[in-house]
Amino acid sequence: MKKILYMLLPQWADWEFAYLSSAVSMLGNGKFENKILSLSAEPVVSIGGARCLPDYTIETAPHNYDALILIGGLSWHNENAQTIKPLIDACIQNSKVLGAVCDACRFLASVGALNHAKHTANDFTELTQYSAYTNAPNFIHKQAVSDNKIITANGTAALEFAQEVLRALSVASEPQIKGWYDFHKLGFYTAPMPQNNK
C-alpha cells in the first residue's frame, strides 16, 4: 500500500487537506493510505477548530512513503517549522513526490527546495526575500504547477493542487481524476458525475 504523509502545523487549512485526502480515499481503490505528520504527538488544531491526532512526529516519521504533502495554514512562518527541513531534503534526494500549497510554498522557498523545479506560490515577491531562493526565472503565475516531482499551488487552488497530486501519484486514471476535479469545480448541475474507480 502506498503511503502519503500530510504535514500539519497548528492552524492548518482544513479545506486543503480535506479535498486531497478524501479524493485519495475515494479514487485510490484501497491502494493508498493517508497518514498525519506533525511537530509533536499532541492533537494539531486547524483554522476551523478541527483537532487531528498525528500518526507520526518528525522523530518517528517513516522512510517508506510515496509523497510528503505540506498543507498550508498560518504557522509556516514560525521558527519551529524549520525543523522540517531534513524531511524536505530527504524527500527530494529520494525522488519522492513533494507537495506544498499556500504558505507552505513560501516555506519551501525559504529552505531552497524550489531551486530545481518550476513552481508557483501565493506571491512571487514573498519568495524573493529569502537568500536560499535562487530560481526566480522558473516562477509561474498559475494556480498549480507540477515539475520534477514537486507540486506547488497558491491558497485559492486547493482543487488544482489535489488534482496535480492525484496525477503525480497515479491515484486513478486521468478521466477519473478529471471527472473528480470537474465535479467539485463546476458543481453538481454543470459537471458530469465522476466515474466510479471500480
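Select H1 (14-27) and H5 (158-168); helices here are DSSP runs of H or I, at least four residues, and strands are runs of E, at least two, numbered from the N terminus. In H1, Trp 15, Glu 16, Tyr 19, Leu 20, Ala 23, Val 24 and Leu 27 meet Ala 158, Leu 159, Phe 161, Ala 162, Val 165 and Leu 166 of H5 (contact: heavy atoms within 4.5 Å). By class, this contact has 12 nonpolar, no polar and 1 charged residues. The two axes come within 9 Å and cross at roughly 35° (lines fitted to C-alpha atoms over the stretch in contact; angles run from 0 to 180 degrees between N-to-C directions).

This is a predicted model: local features need pLDDT of at least 70, side-chain atom pairs count only at pLDDT 80 or more, and totals for chains, interfaces and linings use all residues. Residues are numbered from 1 along each chain as its sequence is written, and side-chain values use heavy atoms, without hydrogens and water.

Next, select Tyr 6, Leu 20, Ile 69 and Leu 166, the residues with the most contacts inside the largest nonpolar core, which has 34 residues. Such a core joins buried Ala, Val, Leu, Ile, Met, Phe, Trp, Tyr and Cys through side-chain atoms within 4.5 Å; buried means under 20% relative accessible area with a 1.4 Å probe, protein chains only.

Stay on Tyr 6. Beyond four places in sequence, its contacts include Phe 17, Leu 20, Val 24 and Ile 69.

Now show the open sheet of 7 strands: S5-S2-S1-S6-S7-S9-S8, mixed pairing (pairing needs at least two DSSP bridges). S5 (56-57) and S8 (144-147) are the edges, each with a single partner strand, so one side of each lacks a neighbour in the sheet. Finish at S8 and S9, antiparallel over 4 bridges. There, Ala 144 stands opposite Ala 153 in S9.

How values were computed. Buried means under 20% relative accessible area, exposed over 50%, partly exposed in between (1.4 Å probe, protein chains only). Ala, Val, Leu, Ile, Met, Phe, Trp, Tyr, Cys and Pro count as nonpolar, Asp, Glu, Lys and Arg as charged, and the others, Gly among them, as polar.
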